[in-house]
Amino acid sequence: MNHDGQDANHFPVNGAGYAFPEADREAVYRAIFQRRDIRNFRPDPIPDEVLARIIRAAHHGPSVGFMQPWDFILVRDTERRQKMKDLFDREREAASCFFDEPRRSAYLSLKLEGILESPVNVCITCDPTRADVVLGRNSMPETDVYSTCCAVQNLWLAARSEGVGVGWVSILKLPQLRGILGIPHHIIPVAYLCLGYPVEFPPEPGLQTAGWRDRLPLDQLIHVDGWGNSGEEEGWQGFWDALDTEVGSSR
Ligand SMILES: Cc1cc2nc3c(=O)[nH]c(=O)nc-3n(C[C@H](O)[C@H](O)[C@H](O)COP(=O)(O)O)c2cc1C
């Protein structure tokens, strides 16, 4: 076996031959862990070639039956973005009644969008009619929307690697959002995203810093061989030890 984990016939051993070199692997994890939802943007435009690479990354997301149900609406037009911001302001105010004080004031003090500050917004939609019969979607019709979310995450990670911040704005009513962007009725707007160079990439989620909600401990979210089972007596101890070593306190 050579040092890349491949034997003389170049068959990978335990998948090691397919693993990225360490620096590349680190870069993938860096994009994952340093990705943030961004709400404070600098006004500098995103160069077209950077935006094109990010959108292409989204298009290479996985999709049920290779359906590729997504479309990408790129929005620079200030008038449309102003309408979106007005819609957001109304919805944000309306949503505040779901919280009692002091949570309501805390909610209203949070900055939850960067629609006008960011140089471009991207609405990613899902077209449930894109294919007649979609392999794999019969039992779970929602998988077309799930697929669209995979495109969103690809975009988010690619953007992070380019130094571009992304903020997802969901405090928007769909009929009005459709109206502003001229989206047909059968198309589902899945994500409304603000893209731009951030003032900073904070080390932790803004909602965590604001004391709104903490990251949940990962070990409490893992079940083995069935719901509610930690599997410690069934040979899973090695995994739990590895989780402690690999993840430690930053779960
Ligand atoms: C489906 C979805 C909708 C979201 N909607 C909003 C939103 O309307 N406003 C906002 O400020 N953040 C929104 N976020 C961002 C989350 O608040 C953020 O992802 C979470 O706090 C974790 O922070 P991080 O993305 O920096 O890790 C949304 C995220 C997702 C996945």
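Four strands make up an open sheet, arranged in the order S1-S2-S4-S3 with antiparallel pairing; two strands pair if DSSP finds at least two bridges between them. Strand S1 (70–75) and strand S3 (165–169) are the edge strands, each with a single partner strand, so one side of each has no neighbour in the sheet. This is a predicted model: local features need pLDDT of at least 70, side-chain atom pairs count only at pLDDT 80 or more, and totals for chains, interfaces and linings use all residues. Residues are numbered from 1 along each chain as its sequence is written.

**Overall make-up**
- The protein has eight helices and four strands, which are DSSP runs numbered from the N terminus (helices: H or I, at least four residues; strands: E, at least two).
- Read from the N terminus, the elements follow the order α-α-β-α-α-β-α-β-α-β-α-α.
- The C-alpha trace spans about 60 × 45 × 40 Å along its principal axes.

**Confidence**
- The average pLDDT of the protein is 92, and 92% of the residues score at least 70; pLDDT is the predictor's confidence in each residue, from 0 to 100.
- Over residues 1–8 the pLDDT stays under 50, and the model has 13 contacts beyond four places in sequence for them. Two residues are in contact if their C-beta atoms, placed from the backbone, lie within 7 Å.

**The sheet and the helix across it**
- S1 and strand S2 (residues 120–126) run antiparallel and are joined by six bridges.
- In this pair, Ile73 stands opposite Cys123 in S2.
- Helix H5 (residues 143–161) lies across S1, S2, S3 and strand S4 (188–196), and runs at about 5° to S4. Axes are lines fitted to C-alpha atoms, for helices over the stretch in contact, and angles run from 0 to 180 degrees between N-to-C directions.

**Helix packing**
- Two packed helices are described by the angle between their axes and the distance between the axes.
- Helix H1 (residues 22–34) and H5 have axes that come within 9 Å and cross at roughly 105°.
- H1 and H5 are therefore roughly perpendicular to each other; angles under 35 degrees count as roughly parallel, over 145 as roughly antiparallel, 65 to 115 as roughly perpendicular and the rest as oblique.
- On the H1 side, Ala31, Ile32 and Gln34 meet Leu157, Arg160 and Ser161 in H5.
- That contact of H1 with H5 has three nonpolar, two polar and one charged residues. Ala, Val, Leu, Ile, Met, Phe, Trp, Tyr, Cys and Pro count as nonpolar, Asp, Glu, Lys and Arg as charged, and the others, Gly among them, as polar.
- The axes of helix H3 (residues 78–95) and helix H6 (residues 174–181) come within 10 Å, crossing at roughly 170°. This makes H3 roughly antiparallel to H6.
- From H3, Arg80, Lys83, Met84 and Leu87 meet Gln176, Leu177, Ile180 and Leu181 in H6. By class, five nonpolar, one polar and two charged residues form the contact of H3 with H6.

**Around the ligand**
- The residues around the ligand include Arg36, Asp37, Arg39, Glu113, Trp168 and Ser170; a residue is near a molecule if its C-beta atom, placed from the backbone, lies within 6 Å of it.
- The shell around the ligand has six nonpolar, one polar and four charged residues.

**Backbone exceptions**
- Most residues other than glycine have a negative phi, and most peptide bonds are trans.
- Glu101 and Pro102 are joined by a cis peptide bond, with omega about 5°. Pro102 is in the loop between H3 and helix H4 (103–109).
- Phe66 is not a glycine, yet has a positive phi of about 55°. Phe66 lies in the loop between helix H2 (48–59) and S1.
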